[in-house]
Amino acid sequence: MLVQGGPWALSVISLVLLLWQELSAIDVPLDSKIQQDLKQPPTIMKQSLKDYIVDPRDNIIIECEAKGNPVPTFSWRRNGKFFNVGKDPRVTMRKRSGTLEISFRSGGRPEDYEGEYQCFASNDFGTALTNKILLRVSKSPLWPKEVLEPVVVGEGSPLVLACNPPPGLPPPLTFWMDSAMMPITQDKRVSMGLNGDLYFSNVLAKDSHTDYSCNARFLFTHTIQQKNPFTLKVQTSRKVAETTPNFLSPTGTDSSRMVMRGEKLKLECIASGVPTPSIKWFKKGGDLNQKVKLDNFNKTLRIDSVSEEDAGEYMCMANNQIGSIRHSIYVQVKAAPYWLDQPSNLVLAPDENGRLVCRANGNPKPHIQWLVNGGPIDSNSSLPNPSRTVAGDTIMFRSVQIGSSAVYQCNASNDHGYLLANAFISILDMAPRMLGPKNQLIKVIENNRTFLDCPYFGSPLPELRWFKNGQGSGLDGGHYRVYINGTLEIKRARAEDQGTYTCVASNILGKEENQVRLEVKEPTRIVRAPEHQSAIRGTMARFDCRVKSDLTLPITVTWLKDDKPLSLGSRLKKDEDSLSIPNVHEGDEGTYTCTVKTEIDQDTASARLTVSEDASLSSVLPTDRPDSPTDLELSDAKERNIRLTWIHGDDHNSPVTLFVVQFEEDRWESGKWQNLSSYPGDFNTVILELSPFVNYQFRVIAVNSVGQSLPSLPSQRYQTSGAPPDVIPRGLKGWGTKKNNMEISWEPLLDTERNGPNLHYSVWWRRKDTGEEWSNVTTVGAKHIVHDTETYVPYEIKLRAVNDFGPGGESNIIIGYSGEDKPTAPPTDLRVSKIDSTKVNVHWTPVDPSTVLGEFKEYRVYYWREGSMVKGLRVNKEKKTKGFYSTVAQPTGILTDLQPYSHYRIYMVVANNRYEGPPSNHVEFRTKEGVPEAPKFFKIIQRSTDVIHLEWDKPLEPNGILIGYKLNYQTVNGSRVGLMQMQSFLPNVTTYTLRLPERAIRYKFYLAALTQVGAGEVYAEESPHFTNEAYSKDQVDIATQGWFIGLMCAIALIILILLIVCFIKRSRGGKYPVREKKDLPLDAVDQKGEDGSFDYHDEDNKPLQGSQNSLDGGVKESDDSLVDYGEGGDGQFNEDGSFIGQYTVKKDKDETEGNESSEATSPVNAIYSLA
């Protein structure tokens, strides 16, 4: 609602907006206690899509989730009227939620619940609304039954095979396939149009087929319906006449299209003619821009995300060698409302000011309407609200009071859609609260920087002050620094800083305090470190590690060898100050590290152990560390250098390779020896370069391959004269720590670089490019803070060091900047284009550089996966970021690594080095279908020697709608492979059985899942080796076994003996008795005679040599059988190959015991008799 007074009032309001000194809204911490007591109006957290299409096979779920304190209550409107959820038995509302669930288990039709729904979430402080949710039920009607007559056309004629898919919700995707479920090959001559029809620019004889079938895929119900196939008969002719191009789609000379901003634009031109025409595209008044893509063999012009500049006249031209034809398409771009500045929640303290801004754009320009708690803002109260002023897209609040909390809705609408945003204003008064732990103990090492935290909150924002030991004024400045979040920094902790620190937060509602106890500890140092040494094998090695630490801190000393924990067994011994390694050997060589730890610091030192051969096994003389150099003498003293001379000590059979000269001075760090320089091992006199104003004394250490000597005795002292500093302080920089200051800092000079007493620093600064005079300050510290600066402005800075002997040289002028603030403007017109399966182009309108309020770092995109378009697939909604550094007028970036066939949401902020700005409009998009991942698993099971069974499961990420699987396989034999064979399967088939033509054949299989885009990642497996090889192994290995060889030898020996005995008996003639035996169990493989006896027959059914003829003149076969030599026909052999069992003669049932056989004597009995 506009205030009364006409244009004059609007001018006043505009002036107020320009001069508005707005206090920052309160950032409420996420502390659980604060959140529990914080009273806030409702906030919608989750809601269903505006255009909500549901599957009729499932229950209907309409989402409405909100938070607030007190917990909100929920109500619904359907088609603009109150919807009584309790009266409908099929409708339930989830607990502590407004989400509706409509169940059809007990009957009912989903179509009865179609309509427009809106959810209201209310508590004592206001009411928030969802969008109006248009609920519609998905429809996938069957293809109408029809009888398609064969299509007869002459060769060279154009042809259109109509698809006319059944209308569905949402509309189906169409594609053409043949009876083998293979796509119809499309090219410049044959292609599918945007309406699904199959266009032939000219028909050829090879086009004659009986299985042109149009398929409709309904995405929501995951079903594919197939139209009855067309039969195409082409009447051939000797010569096909050439014809000029003519448009099959669209018709006429011109047409028009209206498209919405951000949507995909597709323009199509398909022409007939012989030869096949080629298609070219033009845009009147300019060239086609980079956004334009040409698909379908140049027949389709595509712009993935349309913007206003894409409007205009597009022309397509079809031409062949006979002629050409043109068609004009007039494209008009409209836009549903989109956010430029979406209102956000506002938490204010009493008497504070604030404002809600709602800015949107569109074509036509949207109308902005404000609501409060779901009702028009002007009808909410009969009396005007003096603290609230509505001016178009802005509501200003001045001196707000308790009870003014409410939820405001901004509705931006035009002919093509609307946007609805909720933003609450919450008036919060709260006494100060401490958020950190009470009476915390902090331990810090002396001379280290430390931070004492005191997180707090209150409304109005409390003032915080620090005190030490409960006395004195507040701590800030000098040795201390207080941050805006309440943290106290002690720049260099000293022993006198130990004590109890109290932080006090206060506002008009009260005060609260907390205490932090600080203990300052001595540093932990290794005062005698291990040294490199060489030990003879079998001797003892010892590494020192003497430690000095704070007596109140327990220490832990550990040893590492080659950066791995050293196992201390019975041989290695560790005492308080050293590690001993007796009887060293080559395995003990390595680098040994002593690590000393306390709870707050640590120190380490390392040395290397080298093990050499025993002196008794080597001609090398024993070696040791060298003796210390002696007789140090100073001479040739000058202002900045002096000569040092010494005498070499004994090198103990290992030449000295290095001399290290150390110094100690008694002014800054008395008693501390430091390395000055090093020289080759054959030197004994050197010139030492010195610093001014230092009282030196020197010592020398000799180093050989075994280790280093003890330090020599120190030389006499030498005092250099003073001088101005000759070193310019390093690391000069200027950077703001607050939005209205600049901290100038540098690295302090080393003690040996002071060159004289009373060192201090002169610092100059001035605004860059303003011509103002230099400001100057002198300080003994290593930084200076310039206060009351403007936000992020450049300064020129220079510095020099000064002592009592004069000033040093000036540094180069560097550019520093004052502090940064939060960027005030969001990127606008965020949009996407060229949506692919895994990437998308991002475009936006950049912010005015002056609104960044700091050094521009990047445009930062926040994006996350809202869901997958594959039904039932759960996704990870983790929010990710990607930065784009771009300063061009029309920036663009590519967002990669997206998941195909998914629903994404993004927004963008601009960021400087410290802060992010407000978010841009949110953009939702859906990635295209991609190729699937590999199947979840792929198993090869060989259940028999001639069959392989394959099993697999669908991919974890199908990246689209699976249309089947493709299995390629080929035989493998070492490096040789056979021809590739292929099998295709429907998406519900996950098994396949392959019969092997030969048992020893092995296969390699390649399995991939398919979507419309193509084949996905291949899962390759090879049939297992052991299955086929097991049988051949059994056949081969048995012949190499010892027991088998022995058995075969024994059998051969027995047969040989039997043959010898048979020949002997045959030459003698006569009969021999046969031992009688009781009937034995009959073996199933013996042949039974008519009289009940069982006869032995050799393999070729011929009589054995020496068998007797029967009375009728036939040959009488021997009754002897190897089966008869054992019980039940199971002839057995001992382990040594000897035969087990006794020879028995079979009898007829009528024979009685005691009758002797008239047959020849048994060969076995003959063996017994010979024995």
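The following dialogue goes through how some features of this predicted model are named.

Student: What kind of model is this, and which residues count for which features?

Tutor: This is a predicted model, in which local features need pLDDT of at least 70 and side-chain atom pairs count only at pLDDT 80 or more, while totals for chains, interfaces and linings use all residues. Residues are numbered from 1 along each chain as its sequence is written, and side-chain values use heavy atoms, with hydrogens and water left out.

Student: How do you know what confidence the predictor has in the protein chain?

Tutor: From pLDDT, the predictor's confidence in each residue, from 0 to 100. The protein chain has a mean pLDDT of 83, and 86% of its residues reach 70 or more. Residues 1026-1037 stay under 50, and the model has 12 contacts (heavy atoms within 4.5 Å) for them beyond four places in sequence. Residues 1070-1171 are also below 50, with 123 contacts beyond near neighbours in sequence.

Student: What makes Cys 163 and Cys 214 a disulfide?

Tutor: A disulfide is a pair of cysteine sulfur atoms within 2.5 Å. For Cys 163 and Cys 214 the S to S distance is 1.9 Å, so the pair meets that definition. A search of the whole structure finds 6 disulfides.

Student: Why is the disulfide of Cys 163 and Cys 214 called left-handed?

Tutor: The torsion about its S-S bond is about -65°, so the disulfide of Cys 163 and Cys 214 is left-handed. Cys 163 lies in the loop between strand E13 (159-161) and strand E14 (173-177), and Cys 214 lies in strand E17 (residues 209-218), so the pair ties together parts that are 51 residues apart in sequence. Strands here are DSSP runs (E, at least two residues), numbered from the N terminus.

Student: What is the handedness of the disulfide of Cys 358 and Cys 410?

Tutor: Cys 358 and Cys 410 are joined with S to S at 1.7 Å. The torsion about their S-S bond is about -65°, so this disulfide is left-handed. Cys 358 sits in the loop between strand E30 (354-357) and strand E31 (359-363), and Cys 410 sits in strand E36 (residues 406-414), so parts 52 residues apart in sequence are tied together.

Student: Why is the disulfide of Cys 454 and Cys 503 called right-handed?

Tutor: The sulfur atoms of Cys 454 and Cys 503 are 2.0 Å apart. The torsion about the S-S bond is about 75°, so the disulfide of Cys 454 and Cys 503 is right-handed. The pair links distant parts of the chain, 49 residues apart: Cys 454 in the loop between strand E40 (450-452) and E41, and Cys 503 in strand E45 (residues 499-507).

Student: How do you know whether Cys 454 and Cys 503 are buried or exposed?

Tutor: Buried means under 20% relative accessible area, exposed over 50%, and partly exposed in between (1.4 Å probe, protein chains only). Cys 454 has 1%, so Cys 454 is buried. Cys 503 counts as buried because its relative accessibility is 0%. Cys 1049, by contrast, is partly exposed because its value is 48%, and Cys 1062 is partly exposed because its value is 39%.

Student: Why do strands E60 and E63 count as edges of their sheet?

Tutor: The open sheet has 4 strands in the order E60-E59-E62-E63, with antiparallel pairing. Strand E60 (674-680) and strand E63 (718-719) each have a single partner strand, so one side of each is left without a neighbour in the sheet.

Student: How do you know that strands E62 and E63 pair?

Tutor: Two strands pair if DSSP finds at least two bridges between them. Strand E62 (residues 695-703) is joined to E63 by 2 bridges, so the two strands pair, and they run antiparallel. Tyr 696 stands opposite Tyr 718 in E63.
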